[in-house]
Amino acid sequence: MKKLFNLKIITMLVWTLTVVASLAFSAFNQYQQSFETARNVASANFDKDQAFRQWATTHGGVYVPVDMKRTPPSPYLSHIPERDVTTVTGKKLTLMNPAYMLRQMMDEYSGLYGAKGHITALEILNPSSAPDAWERDALKKFIKDDSIKEIVELTKVNNEAYMRLIRPMEVTSGCLTCHGHQESYINNKTAGGVSVIVPMAEIYKLAMSSYKKTLIIHIIFWLVGMILFRFVYNKEKKAKDELEYFANHDSLTGLPNRHAYIDKITSMVNKNKNNFALVFMDLDNFKTINDSLGHTLGDMLLQKVAKRLKDEIKEYDMLSRFGGDEFVFLFSNVQSELTIEKTMIKIHEVLKKPFILNTYEVYTTASIGIAIYPDDAQDAELLLRNADVAMYDAKQSGRSKYSFFNADMLNLSSNRLMLESELHKALENNELFLLFQPQVSLCNEEIVGVEALIRWQHPIKGLISPLDFIPIAENSGLIMPIGEWIIDQACDQLALWKGTHMSEATLSINVSAKQVLHQDLYSYIEAAIERTKIDGRLLELEITESVIMENINETVKILSRLKKLGVSISIDDFGTGYSSLSYLKKLPIDKLKIDREFIKDIPNDKDDIAITNAIISMSKSLSLKIVAEGPETKEHIEFLQNSKCDIAQGFYYSKPIPITEVEKLALSMGK
């Protein structure tokens, strides 16, 4: 911007100097024109003299009536016998020589612009023809050098400017009529001269009037140029400002972006500002909303989140958006963690209210990580990284939470990064495998189905829990190829059971939110069923209640489409997602799985008994089968049987085991 400002100054200065130079040139040109005008006036007077003199000398003078005041007999022509004559009518005439006539005419005629002429010579007949000092010098120059035909000069007379011009008079035979007795006329070609003096005041006045017009025109041009330059500069400045704005702001929300954040933090670090906190916020279910409702409504949600945060959270110094669903707060002068905690609670409260996206009512939460300068990092990038690490810890802790950074998180983050890298190779190296947990009918205690549960046998670290690697797979995008592998394994297993004692058993697989919303899920399941020629109703897709409730309308559409393949659909972890009966009626589902949290304390917890009985009763009214997860004791089984629960899946019957052991167990249980 400073460079643009300097360019503006230079451009306007050059334009001003150009106009001033043009004015100076015009002034000089006007001066030259004034000089030429005066010279032309003088030349015109001289030419009149010469024309008259040539005519008069050719005719030897002119007879005029005798007037003792104006045209008395000339004493300088007394040597001419015919000086005085009387006409036949008695009128007296006297001969007037050309020089006298011209002098008299010049006396009476001031000429154009007040120009006056003067006939002079070094040797004179009439004292009035005597030259002044300037004329005398000029006449001498003529005599000395007959090649000089004119002398012109601007001079001062009584402090007034005049143009003076003198030209020599050449002696002709007509001149000798009157001056033949004078030696200078006989011996020289040049006997005298005619000088003209032109006052410059009037010419300068006219020139000044013309120059004023030129000045006004130049001023107008200068102003037009300055306005034009200002317009161009403002346009360029606006373009520069817009570029700078877009370089430092998020185009969707108008919030400062990562670049602006780095500049701000770097500035604060350089100024030794202490105890400021960076708060990294990530929306928990944005990807689900974006994939299910589309990018347009996803962008609308981000805009509404940004506006609500700006309007309702006032304590921050800067709120930025880094892209996607990541928002970053900057808080200065943090006195204690308690101060930050109060604001984090407020942020969560602000996000609890629903967001209206056209006809959709959407809820979202946020996971938040906090890093404080200088305790957690000493530069902008490290502070951001550590806040991000803390945010991931909050997300892993159950979402809609906040975490303060600590050094131990870096090790966990490094381990996650390493685990993600190794998970890429796990599929290729056949390190992933499935265990199966039987689902037992409570009416006859026979195995009616199994749930496939993925495990990872790491070559060095040993068995890795799904709780550790499934979130990594979801965040990295690996959940899709892993999910497709599970679908293939499940369909292949169902194909192997054809014609066996397990031919009517269902095989359920867990489907994550990202899989549900992915456009290829339907096509992949369809292709797998077609490839293995299995009965689609035996393949059961388990979807958690929380995933369904994130966007009930879109989920209904997706599940309805999947049902067309003939597959069964069950809601996993039911009772934890707060789904209402009205929503439940809309869903194209076959089973509800009661979460193990409601089973483990039965029969000692009356609330769990009431909730479980309510779920079973509701399911019966909707013609849905009920699967109770987690029964471990005889009391659990007896309660479920008395409550008319359909199926149990828990350690009471079996832990997750290899498929061959499931088949043996099924035989032993009478199937």
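Of the contacts in the chain between residues at least 6 apart in sequence, 67% join residues at least 24 apart, a contact being heavy atoms within 4.5 Å. The model is predicted, so that local features need pLDDT of at least 70 and side-chain atom pairs count only at pLDDT 80 or more, whereas totals for chains, interfaces and linings use all residues. Residues are numbered from 1 along each chain as its sequence is written, and side-chain values use heavy atoms, with hydrogens and water left out.

The secondary structure of the chain comprises 22 helices and 23 strands; these are DSSP runs numbered from the N terminus, helices being H or I with at least four residues and strands E with at least two. Buried residues account for 45% of the 671 residues, where buried means under 20% relative accessible area, exposed over 50% and partly exposed in between, with a 1.4 Å probe and protein chains only. The chain exposes about 34,600 Å², and carbon and sulfur atoms supply 55% of this area. Accessible areas were computed by the Shrake-Rupley method with a 1.4 Å probe; for residues, only the protein chains shown count as cover.

An open sheet of 5 strands with mixed pairing has the order E9-E10-E8-E13-E14. Strand E9 (318-323) and E14 are the edge strands, each pairing on one side only; two strands pair if DSSP finds at least two bridges between them. From one strand to the next, the twist averages 20°. E8 and E10 run antiparallel and are joined by 6 bridges. Phe280 stands opposite Val328 in E10. Two helices pack on this sheet. H10 touches E8, E10, E13 and E14, and its direction makes about 160° with that of E13. Helix H11 (residues 380-396) touches E8, E9, E10, E13 and E14, and its direction makes about 145° with that of E13. For these angles, axes are lines fitted to C-alpha atoms, for helices over the stretch in contact, and angles run from 0 to 180 degrees between N-to-C directions.

Helix H10 (residues 337-352) has 16 residues and reaches 23 Å from its first C-alpha to its last, close to the 22 Å expected at 1.5 Å a residue. The expected span is 1.5 Å times one less than the number of residues. The buried residues in H10 are Ile340, Thr343, Met344, Ile347, His348, Val350 and Leu351. These residues lie on the same side of H10 because they cover an arc of only 160° around the axis, the arc being that of the directions from the helix axis to the C-beta atoms. The face turned away from the buried side carries the exposed residues Leu338, Lys342 and Lys352. Packing partners of the buried residues of H10 include strand E8 (276-283), helix H9 (295-312), strand E11 (355-357) and strand E13 (366-373). Within H10, His348 counts as buried because its relative accessibility is 11%. Residues up to four places away in sequence aside, His348 touches Ala366, Ile368, Ser400, Lys401 and Tyr402.

Strand E21 (residues 591-594) is covered on both faces, with Lys591 and Lys593 buried on one side and Leu592 and Ile594 buried on the other. In a regular strand the side chains alternate between the two faces of the sheet. Strand E20 (residues 568-574) runs parallel to E21 and is joined to it by 3 bridges; the bridge partner of Phe574 in E21 is Ile594. Strand E22 (residues 625-629) is also parallel to E21, with 4 bridges between them, and Ile626 in E22 is the bridge partner of Leu592.
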